[in-house]
Amino acid sequence: MQQKTERLVYIDVAKGIGIILVVLIHIIFSSDSFNDLSYIRNYIYAFHMPLFFIISGYCLFQKYHDSQQIIDVKHALYRLCKKFLPCYFLWSIIYIFLLKATNQPVDIMERIRVVITTKGIAPLWFIITLFLCEFFFVIAHKYLMKRKSFYYCFFVILVLLTLLSGSKYESIIAALNNKSILGISVPIIILVLFRFITCLTMLYAGYLLGDIFEKISINKLAAFIGSLISIGLMCYAVAKTQNYVNLHLFQMENPGIFMITSILGSLGIILLSYAVQIHAHWLAFIGRYSLGIMIIHYMPLRIMEYAGKFSFLITSSPYLAVFLTLFITLGCCGCIIFVINKKFYLSNSKEQPSN
């Protein structure tokens, strides 16, 4: 695939598709009026969060694939901290404040605890996990991984660890019986660790995907056909297994199926984005602000709830209503991001974001 020196338009398009799917599934579960659409849950959850980690790894390949490049770990850590941590802690505080301000039930100490332990408030867990994955990558890339073959070996190890942790998580949590260390719940530590391993696996899958794409030449027609095949296979696997997944809570019925659907779905979205990028600048625009949209749409502002009620005043069809709700929600998020200042930490137009 052809690469660019700054932003990769098709990566922004892929992130745009990804964040639309995130908002869409949250809208569907925000109201009982959308129950008729709940069947698509397993299809979206099969790959929608891994997609962002795979994209992150893909972007890291573009940034660090030159083996002669000297990596300044301190500078990389500073960049990652500036990029992710203010967003994580500031929005965590705002989230708790808005819960209190809107008189919604909230255990403040529990909310603070999940922020400090990085268990995370949905979807803020994603930010801190991505930060940890990218920082691990930078350290490993500088000190451990001098040959590309090592990446493939390490990826296999991560896959095995993901399969093991996914299959044994429930039994381990049951055996621990809510034990704690220094006041921190051991099950939460296990959840954060296992989720980190799984997300790191996806990040390295994206890195290796970047390595493969650098070696091949693919036109847009072939990319489009490949995307249909990948997405079709993913949908077939989900339809046959109905594999339940919730990466936030680290719940997965079959981690092997989850690995397959994550990679197939993400590959399909990236190939589709590459094929249609010329005609999808609006998706690229949404993708550039995906981090801000991911945070804001799920804040206790009830944007999705009110947008849904308004939509059903216009139409009684849940299918039309969900798309109208999606349009309103994305529009509101865009306006809020613009007011906050689009050049602040919610997005960065000068650098290809990894999320």
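This is a predicted model: local features need pLDDT of at least 70, side-chain atom pairs count only at pLDDT 80 or more; totals for chains, interfaces and linings use all residues.
Let me begin with threonine 118, which counts as buried because its relative accessibility is 16%, where buried means under 20% relative accessible area, exposed over 50% and partly exposed in between, with a 1.4 Å probe and protein chains only. Residues are numbered from 1 along each chain as its sequence is written, and side-chain values use heavy atoms, with hydrogens and water left out.

Threonine 118 sits in the loop between helix H5 (108–116) and helix H6 (125–143), helices being DSSP runs of H or I with at least four residues and strands runs of E with at least two, numbered from the N terminus. Its phi is near 65 degrees, a positive value in a residue other than glycine. Most residues other than glycine have a negative phi. Glutamine 242, in the loop between helix H9 (220–241) and strand S3 (245–246), also has a positive phi, near 50 degrees, and with a relative accessible area of 37% it is partly exposed.

Which residues line the largest cavity? They are Thr118, Thr129, Leu132, Val192, Arg195 and Phe196, where a cavity is a set of points on a 1 Å grid over the protein atoms alone in which a 1.4 Å probe fits but cannot get out, and lining residues have an atom within 4 Å of a point. H8 gives the most to this lining, with three residues.

Conventions: On a 1 Å grid over the protein atoms alone, a cavity is a set of points where a 1.4 Å probe fits but cannot get out, and a pocket is an open set with protein on both sides within 12 Å along at least five of seven lines; lining residues have an atom within 4 Å of a point.
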